[in-house]
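Work through the exercises below with the sequence and the model open. Each task is followed by a solution in steps.

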Amino acid sequence: MKNLRNFLLIAFVGLSTSTFAQFTNSSSSTNSTTSTSGWNRVFIEYNPSKIATDIDGADDLDFKGFSIGYMRGISVTQKLPLYVEAGVAFQYRTYKEDIEDSYYDYTEKINTASLNIPVHLLYRFNVTNDFAIEPFVGLDFRFNISGKYKIEADGESEDLNLFDKDDMDQIGLDAFKRFQAGWHIGVNLNYKPVYFGVHYGKDFNEIHDHMKVATTHITLGFNF
């Protein structure tokens, strides 16, 4: 895992400057499936994710999530089908659990919204003129826009902002962190203008003490 992390960081640092310069100057291709210069993509994702904790006796939190976003692919070299993709996505996650104990029953709900910036290093295998396979690795940068924690019991409810220090002081916890960075690895399958992808990633830094986010991305998109 350490070697993979180091590889991703080196790849990102070495390619990010040239990537965004090309991003500004490049024009979109007229044939997104077989283009050697690059492509544009729009996509939707299903994002099951987990906030995993290493605290003894504490349970992981399983979230459901959805994203919508845009990616731009840019050729790195004319000699190899090697590309860098950079983009942006809006992600919404939700968690709910009904809890019963010996004193009272209650329901916990968490809703979060975030802005994600993924960067991929991608290699494209053109199997036919219409079909291509794209394994990739990359980095994720996420800014958490909002996070709402709600507890309901006996017909009453209380809301807290997970990223607000004053709100979290009420329950004796630190505020959650706004910014996360992480790694991911996956593969896309392209057929004509449509593509399907799966990738998995995990944050480098904690969103809260002893807590890190891991996410699976199941993607359906359109190339243009």
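**Exercise 1. Count the salt bridges in the whole structure, then examine individual pairs.**

Solution. A search of the whole structure gives nine salt bridges, a salt bridge being a side-chain nitrogen of Lys or Arg within 4 Å of a carboxyl oxygen of Asp or Glu. Side chains of opposite charge can pair when their charged atoms come close. The model is predicted: local features need pLDDT of at least 70, side-chain atom pairs count only at pLDDT 80 or more, and totals for chains, interfaces and linings use all residues. Residues are numbered from 1 along each chain as its sequence is written, and side-chain values use heavy atoms, with hydrogens and water left out.

Step 1. Take D203 and R142, whose side chains form a salt bridge at 2.7 Å, N to O. The pair links distant parts of the chain, 61 residues apart: D203 is in strand β10 (residues 194-203) and R142 in strand β7 (residues 131-153). Helices (H or I, at least four residues) and strands (E, at least two) are DSSP runs, numbered from the N terminus.

Step 2. Check the burial of this pair. D203 is buried, at a relative accessible area of 8%, and R142 is buried with 8%. Buried means under 20% relative accessible area, exposed over 50%, and partly exposed in between (1.4 Å probe, protein chains only).

Step 3. Take D159 and K148, which form a salt bridge at 3.5 Å, N to O. D159 is partly exposed at 39%, and K148 is partly exposed at 39%.

Step 4. Take K165 and D169, where the closest N and O atoms are 3.2 Å apart. Both residues lie in helix α2 (residues 165-169), four residues apart, about one turn of the helix. K165 is exposed at 56% relative accessible area, while D169 is partly exposed at 42%.

**Exercise 2. Which residues gather in the patch of negative charge on the surface?**

Solution. Step 1. List the members: D59, D60, E97, D98, E100, D101, D105, D154 and E156. Patch residues have over 30% relative accessible area and no salt bridge, and like charges are joined within 9 Å.

Step 1. Assign the patch to elements. Strand β4 (residues 82-100) supplies the largest share, three residues.

**Exercise 3. Where does H217 lie, and which residues is H217 in contact with beyond its neighbours within four places in sequence?**

Solution. Step 1. H217 is in strand β11 (residues 211-223) and is buried, at 9% relative accessible area.

Step 1. With neighbours within four places in sequence left aside, H217 is in contact (heavy atoms within 4.5 Å) with E45, Y46, N47, Q91, G197, V198 and H199.

Step 2. Compare sequence and space for one partner. H217 and E45 are 172 residues apart in sequence, and their C-alpha atoms are 6.2 Å apart.

**Exercise 4. How many helices and strands does the protein have, and what percentage of its residues count as buried?**

Solution. Step 1. The protein has two helices and eleven strands. Step 2. Of its 224 residues, 41% count as buried.

Terms used
Patch = residues over 30% accessible without salt bridge, like charges linked within 9 Å, V, L, I, M, F, W, Y side chains within 5 Å. Areas by Shrake-Rupley, 256 points an atom, 1.4 Å probe, with all protein chains shown as cover. Lys, Arg positive; Asp, Glu negative; His and termini not counted. Charge placed at Lys NZ, Arg CZ, Asp CG, Glu CD.
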